[in-house]
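Subject: Structure for you to look through

Dear colleague,

My notes on what was found follow below it.

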Amino acid sequence: MLRLGRREFGEREPVIMAIVNRTPDSFYDQGATFRDEPALARVEQAVAEGAAIVDIGGVKAGPGEEVGVEEEIRRTASFVAEVRRRYPDVVISVDTWRHEVGEAVCEAGADLLNDAWGGVDPALAEVAARHGAGLVCTHAGGARPRTRPHRVAYEDVMADILRTTVGLAERAVSLGVPREGVLIDPGHDFGKNTRHSLEATRRLDEMAATGWPVLVSLSNKDFVGETLDRPVKERLLGTLATTAVSAWLGARVYRVHEVAETRQVLDMVAAIAGHRQPAVARRGLA
């Protein structure tokens, strides 16, 4: 079972998490939702297109301008409060590795803490437990926040992913994080080269077999760009192909930029798998 905020999701129900960047230097949108008005418009559009979760981030994942704790809180906490006021039933996630930020956004109404850097701040899980919030437990290969992988190697990348994410998930539950609110994420691109991310995708069923719900953050990432030799703005098709494979192999939550396109892919995969009826079935009946 997956329960986040006021929402409970069925075992075979795919869940879309829409990315809302509160940064001026995001790799994808270059600050398009840094100001409140366009960011709120982005939330409205994402919810209308079928996102059940909005994931708000105040610091870009890659290297760039230093963003301190207070600035990250300034970019996220008041915005979380406004989204909570406008959308009581939407699951609000915040992408942060810092426990101070986690504390502020949970007080503002966040339901989920998305720890993309693999527990680098162990106190973040304690914050989630104290507030009854969910937690995303990610494999980042021991990388420090906002660093790029350099000559990274694994004897078995999926074995490392499983050991790390399941260990973080079990620790979170032992601290008091609700078990039904804990997800595991292979961490595509984080502490990995392109071949590692491709292998993680190919073996995603091993993560699903653990019983923990699997979140994948694939949208327009470098491993897609390198695989197809495409710049950031030309990675949608590769992202959607990877999304379809991930859905077939058992992923539950999809962190994305393009909500409507992802919704169609997930609905199609669910129909092929027999978990969803066609929206219309007239062919051959007349």
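The largest cavity in this predicted model has a volume of about 90 Å³, and a search of the whole structure finds one cavity of 30 Å³ or more. If you wish to find the place on your screen, note that 13 residues line the largest cavity, and that Asp-115, Gly-119, Ala-125, Leu-135 and Leu-168 are the ones that lie nearest its centre. At least two residues of this lining come from each of α4 (123-131), β7 (134-138) and α5 (157-175), and the largest share, four residues, is supplied by β7. Sorted by class, the lining of the largest cavity holds eight nonpolar, two polar and three charged residues.

Helix α4 also meets another helix, α3 (residues 99-108), and the axes of the two come within 8 Å and cross at roughly 20°. Because angles under 35 degrees count as roughly parallel, α3 and α4 are therefore described as roughly parallel to each other. The crossing in which α3 passes α4 is right-handed. On the side of α3 the contact is made by His-99, Gly-102, Glu-103, Cys-106 and Glu-107, while α4 brings Ala-123, Leu-124, Val-127, Arg-130 and His-131. By class, this contact of α3 with α4 has four nonpolar, three polar and three charged residues.

Turning to the pockets, the largest pocket contains about 900 Å³ of space. Its lining is made up of 46 residues, of which Ala-61, Gly-62, Asp-189, Phe-190 and Lys-221 are the closest to its centre. Each of β3 (15-21), β4 (53-57) and α8 (222-228) supplies at least two residues of the lining of the largest pocket, and by class that lining has 14 nonpolar, 18 polar and 14 charged residues.

The second largest pocket has a volume of about 520 Å³, and among the 26 residues that line it, Glu-11, Arg-12, Gly-250, Ala-251 and Arg-252 are the closest to its centre. Both α9 (236-248) and α10 (259-273) supply at least two residues each to the lining of the second largest pocket, and α10 gives the most, with four residues. Which classes of residue make up the lining of the second largest pocket? There are 16 nonpolar, four polar and six charged residues in that lining.

With best wishes

Methods:
Residues are numbered from 1 along each chain as its sequence is written. This is a predicted model: local features need pLDDT of at least 70, side-chain atom pairs count only at pLDDT 80 or more; totals for chains, interfaces and linings use all residues. Side-chain values use heavy atoms; hydrogens and water are left out. On a 1 Å grid over the protein atoms alone, a cavity is a set of points where a 1.4 Å probe fits but cannot get out, and a pocket is an open set with protein on both sides within 12 Å along at least five of seven lines; lining residues have an atom within 4 Å of a point. Grid points are joined across faces, edges and corners, and a volume is the space filled by probe spheres set on the points. Ala, Val, Leu, Ile, Met, Phe, Trp, Tyr, Cys and Pro count as nonpolar, Asp, Glu, Lys and Arg as charged, and the others, Gly among them, as polar. Axes are lines fitted to C-alpha atoms, for helices over the stretch in contact, and angles run from 0 to 180 degrees between N-to-C directions. Angles under 35 degrees count as roughly parallel, over 145 as roughly antiparallel, 65 to 115 as roughly perpendicular and the rest as oblique. A crossing is left-handed if the near helix is turned anticlockwise from the far one by less than a right angle, and right-handed if clockwise. Contact means heavy atoms within 4.5 Å.
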